[in-house]
Amino acid sequence: MKSATEKIFEKHLSEGKMTPGEEIGLKIDHTLTQDSTGTMAYLEFEAIGISQVKTLLSLSFVDHNMLQNDFRNADDHRYLQSVAAKYGIVFSRPGNGICHQLYLERFAQPGVTLLGSDSHTPTAGGMGMIAIGAGGLDVAAAMAGEPFYLEMPNVYGIKLTGKLSPFVSAKDVILEVLRKLTVKGGVNNVLEYFGPGVKTLSVPERGTITNMGTETGATTSIFPSDENTKQFLASQGRENQWTRIETDEGTQQYSEVLDIDLAKVEPLLAMPHSPDNVKPVNELEGTPVDQVCIGSCTNSSLRDLKIVSALLKGKKVHENLSLTISAGSRQVMENLAVTGELESLIQSGARILENSCGPCIGIGQAPNTGAVSLRTFNRNFKGRSGTQDANVYLVSPETAVAAAITGKITDPRKLGMYPEIGIPEKFVLSDAMFIPAVINSNAKVLMGPNIAPLPQFQPTPPQLSGEVLLKVGDNITTDDILPGGTEIMSLRSNIPEISKYIFCRVDANFYQRAIQKHGGFIVGAENYGQGSSREHAALAPKYIGVKAVIAKTFARIHIANLINFGILPLTFAVKQDYNNIDQGDLLELDTNELAETLILKNKTKNVEIKVNLNLSNQEKEQIKAGGKLAAIKAKQK
């Protein structure tokens with residue numbers, strides 16, 4: 001008896017045994033990148049030194065940093081297109097749509113493995129595949145034919161029964177999961193959905209749930225590939241790519257099981273400033289709202305925007321707020337236009353934005369001072385919207401529309417009859433902005449002046465010493481370490497410049513202190529590095545001399561990124577020892593032998609602290625070499 005997860009892992013296992021907790025290597029079929037992580041990923045891929053990608057399919061999307069205030073973003077986009085032309089990568093041009101929505105529509109296949117340089121890559125798990133978010137260097141290595149190494153996760157079963165009530169949608173389901181599991185309850189797990197309730201959910205609805213499973217810390221999330229999957233592929237003209245992948249009847253392979261009766265789920269929202277701060281909408285009713293944003297890779301499918309259009313038809317956006325809508329793809333927009341449903345959105349007074357991530361990662365639409373903003377997005381970390389004192393709530397499209405019409409948080413069940421929408425048997429397909437993969441070894445890679453050379457790092461010395469540059473608390477996000485937004489994201493291909501913004505919203509003096517002290521240590525608490533997969537949150541600290549991060553626990557992708565760039569990820573053997581280190585303390589660590597337990601000497605307080613370094617032999621070699629890229633290149637010699 002096997003779960004769907006185990007079936008796909010088994011088929012793609014290249015190294016190790018499928019024992020939870022043990023390191024395995026997975027063969028990767030597909031990769032995807034997006035522009036904010038892609039420039040660095042392709043610089044890393046070029047540094048590996050092979051002539052073409054070795055995956056079955058690799059895709060490069062431009063969807064994040066699309067405001068072209070000056071030459072920098074345009075240069076990055078030109079670089080990405082030229083790399084794609086040289087090495088055999090499908091290129092999705094700016095304006096085509098959001099990588100996860102586009103991939104689900106046009107490329108996702110049941111049973112396939114996908115590695116993406118974006119933490120919400122698990123969206124494709126709604127198609128019955130293993131889709132994992134990772135740092136850009138891991139994706140570059142996969143494009144070069146290297147296995148993806150990870151700790152074999154447990155398979156956590158989520159049993160769905162019943163059927164959703166009117167005005168309750170897939171977003172409410174994943175908010176219910178977050179309410180129960182929290183932002184770290186999914187760590188080292190694949191969340192696998194099963195049970196009779198699964199058949200009531202379409203692939204786009206499943207994609208909403210697997211997308212935001214990332215916020216639990218899960219390795220990935222997956223639904224079975226069934227008749228609904230076949231129907232969705234047929235609507236995209238890809239029925240021949242369907243295969244059935246389901247958990248065997250009576251399997252006992254789940255480490256734990258969470259039961260959710262869909263009929264009992266109610267409209268929910270995540271309150272500021274965490275996706276797991278979940279409460280029923282009716283408990284917050286009446287709260288005035290300044291802004292509503294509908295879109296993002298979580299809720300920008302044709303299903304979602306058809307519901308939005310139907311609910312807005314004949315109504316106007318409340319005079320005291322702004323409503324923005326950003327579709328996930330040109331295909332979604334074209335299908336709305338063909339049926340006349342786009343007209344309802346326009347006539348309501350909604351602002352129609354480009355098909356991109358946009359406001360979700362702080363690119364435009366920052367709320368006003370102290371605003372309440374309701375968003376159908378997946379993260380509401382403090383300041384991520386671009387306004388530090390804004391209160392961002394995460395909601396379903398139905399709840400978003402209810403607020404847009406009434407001007408306040410409103411239970412969407414008060415809007416009247418739930419509209420019936422028709423999903424076409426055959427979508428109007430829109431592939432005009434994809435440039436197919438070709439391999440042209442003579443193609444010239446075009447690099448603008450803002451694209452800096454990839455930093456080179458030395459092997460780890462036998463002893464590390466330095467000051468504690470910063471001590472932070474629980475749930476530090478990669479947005480805290482290196483924020484998004486238009487100015488900072490324009491520097492993603494320039495590590496010397498972007499490093500000046502490390503922890504800029506946590507401690508404005510961090511960069512100067514790190515430079516003056518010639519690097520040092522960072523101390524964190526629980527779940528350090530949660531959130532985005534951005535490897536810059538490890539690469540930039542490495543560039544300015546951060547030698548190790550000591551924390552109670554780490555988020556999965558961030559700890560991998562730290563290892564990839566030769567920063568030691570140390571955990572307190574006794575969590576209370578977190579209290580025995582303060583900012584400014586002088587630390588010393590012998591790294592001649594990278595044992596599982598090391599002794600960290602706090603010279604300032606004259607105490608010794610046990611720390612754990614839970615690395616595989618391969619990861620130890622990467623740390624010793626100065627990072628993964630150096631280790632790969634050494635192996636090629």
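Figure 1. Cys357 is buried, with a relative accessible area of 8%. Cys360 sits at 8% relative accessibility as well, so it also counts as buried. This is a predicted model, and in it the disulfide count comes to zero. For Cys357, the nearest cysteine sulfur belongs to Cys99 and is 6.0 Å away, so with a disulfide needing sulfurs within 2.5 Å, Cys357 is in none. Cys360 is in no disulfide either, and its nearest cysteine sulfur, that of Cys297, is 6.0 Å away.

**Figure 2. Gly358, in a loop between two strands.** Here we look at Gly358, which lies in the loop between strand 17 (351–352) and strand 18 (372–375). Is Gly358 buried or exposed? With a relative accessible area of 5%, Gly358 is buried. Leaving aside residues up to four places away in sequence, Gly358 touches Asp63, His64 and Ile363. Pro267 is another matter: Gly358 and Pro267 are 91 residues apart in sequence, and their C-alpha atoms are 25 Å apart in space.

**Figure 3. The whole chain, for orientation.** Before the next close-ups, a step back. The protein chain has 20 helices and 27 strands. Its radius of gyration is 23 Å, close to the 26 Å that the globule rule gives for 637 residues, so the chain is as compact as a globular protein of that length. If you box up the C-alpha atoms along the principal axes, you get roughly 70 × 55 × 50 Å. Buried residues make up 63% of the 637 residues. Of the contacts with a separation of 6 or more, 77% are between residues 24 or more positions apart. The chain exposes about 22600 Å², with carbon and sulfur atoms supplying 47% of that area. As for charge, there are 62 positive and 68 negative side chains, and the centres of the two sets lie 2 Å apart.

**Figure 4. Gln331 in helix 10.** Gln331 has its place in helix 10, which covers residues 330–339. At 2% relative accessibility, this glutamine counts as buried. What does Gln331 touch, not counting residues up to four places away in sequence? The list runs to Glu105, Arg106, Gln236, Phe427, Val428, Leu429 and Ser430.

**Figure 5. Ile132 in strand 7.** Strand 7 spans residues 130–133, and Ile132 is found in it. With 1% relative accessibility, Ile132 counts as buried. Once residues up to four places away in sequence are set aside, the contacts of Ile132 include Leu26, Leu114, Leu115, Phe148, Leu150 and Arg556. Gly116, Thr121, Thr219 and Thr220 are also among the residues that Ile132 touches. How far apart in space are Ile132 and Ile557, which are separated by 425 residues in sequence? From C-alpha to C-alpha, Ile132 and Ile557 are 9.7 Å apart.

**Figure 6. Leu629 in helix 20.** Leu629 is found in helix 20, residues 628–636. At 12% relative accessibility, Leu629 counts as buried. Its contacts, not counting residues up to four places away in sequence, are with Glu44, Ala47, Ile48, Leu137, Leu454 and Asn564.

Figure 7. Most residues other than glycine have a negative phi, and most peptide bonds are trans. Thr182 isn't a glycine, yet its phi is positive, at about 70°. This threonine lies in the loop between helix 6 (170–181) and strand 10 (189–194). Thr182 is partly exposed, with a relative accessible area of 32%. Phe503, also not a glycine, has a positive phi of about 55°. Where does Phe503 lie? It is in the loop between helix 15 (495–498) and helix 16 (510–516). Phe503 has 0% relative accessibility and counts as buried. Finally, the peptide bond from Pro272 to His273 is cis, with omega near 0°. His273 lies in the loop between strand 13 (268–270) and strand 14 (278–280).

Methods. Residues are numbered from 1 along each chain as its sequence is written. This is a predicted model: local features need pLDDT of at least 70, side-chain atom pairs count only at pLDDT 80 or more; totals for chains, interfaces and linings use all residues. Side-chain values use heavy atoms; hydrogens and water are left out. Helices (H or I, at least four residues) and strands (E, at least two) are DSSP runs, numbered from the N terminus. The radius of gyration is taken over C-alpha atoms; the globule rule is 2.2 Å times the number of residues to the power 0.38. Buried means under 20% relative accessible area, exposed over 50%, partly exposed in between (1.4 Å probe, protein chains only). Contact means heavy atoms within 4.5 Å. Accessible areas come from the Shrake-Rupley method with a 1.4 Å probe; for residues, only the protein chains shown count as cover. Lys and Arg count as positive and Asp and Glu as negative; His and the chain ends are not counted. The place of a charge is taken as NZ of Lys, CZ of Arg, CG of Asp or CD of Glu.
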